[in-house]
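Let us take a friendly walk through a protein model together. Have a look at the sequence and the structure first, and then read on.

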Amino acid sequence: MDLLFMVWRAIHILLGVFWVGAIFMIAGFVGPAIADAGPDGAKVMAALVKRRVLNIVPTFAAITIVSGFWLYSRDSQGMQGPWLHSAMGMTIGAGAVLSLVAFVIGLTVMRPSTLRAVALGQS
């Protein structure tokens, strides 16, 4: 294994863990806690936006997706051959499709609605 491959794999794994962990933390704990806080929850959301959480998480997600695409392309020898139709190739491909769907939903639904909620909370 060459150094570039190991670096991209480490980036993919570490940022992927951060992305998924951040989403589960926000959805499972931070969001419900903000809802329980009532009107004061808007202050917490505003603080998260101020700390650029809505920019950092999608950026890390995008880097995770790009690194995953590079790794997939490399493993499949340029998106060719029987590897794409192997169990591993199809499993990783399905994971890639699901992560792209999650990324698009996050950017087009979750991020704008969170920004609107913060704006409403501040007014």
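## The nonpolar core

The largest nonpolar core has six residues in all: Trp-19, Ala-22, Val-57, Ala-61, Ile-65 and Phe-103. A nonpolar core is here a set of buried Ala, Val, Leu, Ile, Met, Phe, Trp, Tyr and Cys residues joined through side-chain atoms within 4.5 Å. Buried stands for a relative accessible area under 20%, exposed for over 50%, and partly exposed for anything in between, using a 1.4 Å probe and protein chains only. Helices α1 and α3 each supply at least two residues of this core, and α3 gives the most, with three residues. In soluble globular proteins, nonpolar side chains tend to be buried together.

The model is predicted: local features need a pLDDT of at least 70, side-chain atom pairs count only at pLDDT 80 or more, and totals for chains, interfaces and linings use all residues. Residues are numbered from 1 along each chain as its sequence is written, and side-chain values use heavy atoms, with hydrogens and water left out. Helices (H or I, at least four residues) and strands (E, at least two) are DSSP runs, numbered from the N terminus.

## Two pockets

A pocket is found on a 1 Å grid over the protein atoms alone: it is an open set of points where a 1.4 Å probe fits, with protein on both sides within 12 Å along at least five of seven lines, and its lining residues have an atom within 4 Å of a point. Grid points are joined across faces, edges and corners, and the volume is the space filled by probe spheres set on the points. In the linings, Ala, Val, Leu, Ile, Met, Phe, Trp, Tyr, Cys and Pro count as nonpolar, Asp, Glu, Lys and Arg as charged, and the others, Gly among them, as polar.

| Pocket | Volume | Lining by class |
|---|---|---|
| Largest | about 780 Å³ | 25 nonpolar, six polar, one charged |

The largest pocket has a volume of about 780 Å³. Which residues are the closest to its centre? Of the 32 residues that line the largest pocket, they are Ile-23, Ile-26, Leu-54, Met-110 and Thr-114. Four helices each supply at least two residues of this lining: α1 (3-36), α2 (41-50), α3 (53-75) and α4 (87-122). The largest share, eleven residues, comes from α4.

Ser-67 sits in helix α3 and counts as buried because its relative accessible area is 0%.

## Rings that pair up

A pair of aromatic rings is described by the distance of the centres and the angle of the planes. Rings of Phe, Tyr and Trp (its six-membered ring) pair if their centres lie within 6.5 Å; planes under 30 degrees apart are stacked, over 60 edge-to-face, and the rest tilted. By this rule there are four aromatic pairs. One of them is the tilted pair of Phe-5 and Trp-70, with 6.4 Å from centre to centre and 45° between the planes. Phe-5 belongs to helix α1 and Trp-70 to helix α3, 65 residues apart, so this pair links distant parts of the chain. Are these two residues buried or exposed? Phe-5 is buried at 5% relative accessibility, whereas Trp-70 is partly exposed at 27%. Ring pairs also link Phe-5, Trp-8 and Trp-70 into a cluster.

## Two loop residues

Most residues other than glycine have a negative phi. Arg-52, in the loop between α2 and α3, has a positive phi of about 65° although it is not a glycine. Gln-77, in the loop between α3 and α4, is not a glycine either, and has a positive phi of about 55°. Gln-77 is exposed because its relative accessible area is 60%.
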